[in-house]
Every structure is written in structure tokens, then in C-alpha cells.
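Good morning, colleagues. Please look first at the sequence and the structure, which I shall then describe.

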Amino acid sequence: MVGDIGDELQARREGENGHRVLPHTADTRLHAWGTTREHCLTEAVRALVEAFADVSDVHPTAVERVRLAPGGDEDQLVALLDEVVYRLEVAGRVPVDVETEPTDDGGVEARLSLADLADVTVVGAAPKGVSWQDLHFGPDAYGWTCAVIVDV
């Protein structure tokens, strides 16, 4: 994550991937960017996790693959973030690392390296869902960017 908007713009110009977590009235707003769609998706997951957990010193205990069907970019972003929320709520697992890659049919495959929630340091409210309000995900002059509000 970078400090301010100027830092973010400079990082994007230099071809860096990244994200920021911003406060939003009773929610959290995530902003992520990447040189490719998949890098942006990866950064969005990292931002989601950073909003509620410090996973910097945690090692994964499991790996799960998530396959997202072909569809609109925003649909895939919401689907991936929903998968993270689902694993947190149902299994008590948090991604400590994530990798995404495109599939031949236009879908996305994500590899989530997971740890138990009990093993991470909780630093904020857990996400409950992803809002479609003010959602954005698409290409721009420096690669890809997304912005999403997460209900907490």
C-alpha cells in the first residue's frame, strides 16, 4: 500500500501493482490496481484481507483453488471477493497469499493460500459482503484499476 494519491499515481506509472484501504461510512472502500486484470484482482483480495487482518507473519496451512466462470470484469471481482468472505464466515479461514491467472475460456483461476482466523491478528471488522454500489473494475491508462465498497 502506498501513502497518498500522488504516491499511487507514481507507482502505477512505474508499473507497480498495489492497493489501498480507505474508510467509508460504516463500511470499507478498497482501491486496487495492477498491470493486468489478474494482478488487479490479486491486489483487491490483498486489500480485503488487510482491512481486517494482519497476515504478515502467518504461514498458510491449506491451499484452495477457486475457478471463476467467464463473465464481466465486475462480476468476476465480486465473485472472487465473495469467495474470500465465504471462506472467512463458513470455515474461519483467511488468505495469506493469493495468485490469479486467466483461463483459456475467459474465466479466472485463483489460488488462495489460507490460514486459520485464529492464527492471524484481527485489526478490524470482518467483511460481510461486497456492495455493487459505486463498483468499478476496468482498464485505464496504466493497466487495470478497481474500487469496491465492502460491508462490515
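What you see is a predicted model, in which local features need pLDDT of at least 70 and side-chain atom pairs count only at pLDDT 80 or more, while totals for chains, interfaces and linings use all residues. Residues are numbered from 1 along each chain as its sequence is written, and side-chain values use heavy atoms, with hydrogens and water left out.

The protein chain has three helices and 10 strands; these are DSSP runs, helices being H or I with at least four residues and strands E with at least two, numbered from the N terminus. In order from the N terminus, the elements read α-β-β-α-β-β-α-β-β-β-β-β-β.

Now the overall dimensions. The C-alpha trace spans about 40 × 35 × 30 Å along its principal axes. A compact globule of 152 residues would have a radius of gyration near 15 Å, and the 14 Å of the protein chain agrees with that. This radius is taken over C-alpha atoms, and the globule rule is 2.2 Å times the number of residues to the power 0.38.

Of the 152 residues, 45% count as buried. Buried means under 20% relative accessible area, exposed over 50%, and partly exposed in between, with a 1.4 Å probe and protein chains only. Among contacts (heavy atoms within 4.5 Å) with a separation of 6 or more, 65% join residues 24 or more positions apart.

Let us consider helix H2. Residues 37-50 form this helix of 14 residues, which reaches 20 Å from its first C-alpha to its last, close to the 20 Å expected at 1.5 Å a residue. The expected span is 1.5 Å times one less than the number of residues. How many of the 14 residues of H2 are buried? The count is 11, so H2 is mostly covered. Among them are Leu41, Val45 and Leu48.

Next, Val78, which lies in helix H3 (residues 73-91). Val78 is buried because its relative accessible area is 4%. Leaving aside residues up to four places away in sequence, Val78 touches Val130, Trp132 and Leu135. Val78 and Leu41 are 37 residues apart in sequence and 9.7 Å apart in space, C-alpha to C-alpha.

Finally, Asp57 sits in the loop between strand S3 (53-54) and strand S4 (62-68). Is Asp57 buried or exposed? Asp57 counts as exposed, because its relative accessibility is 71%.
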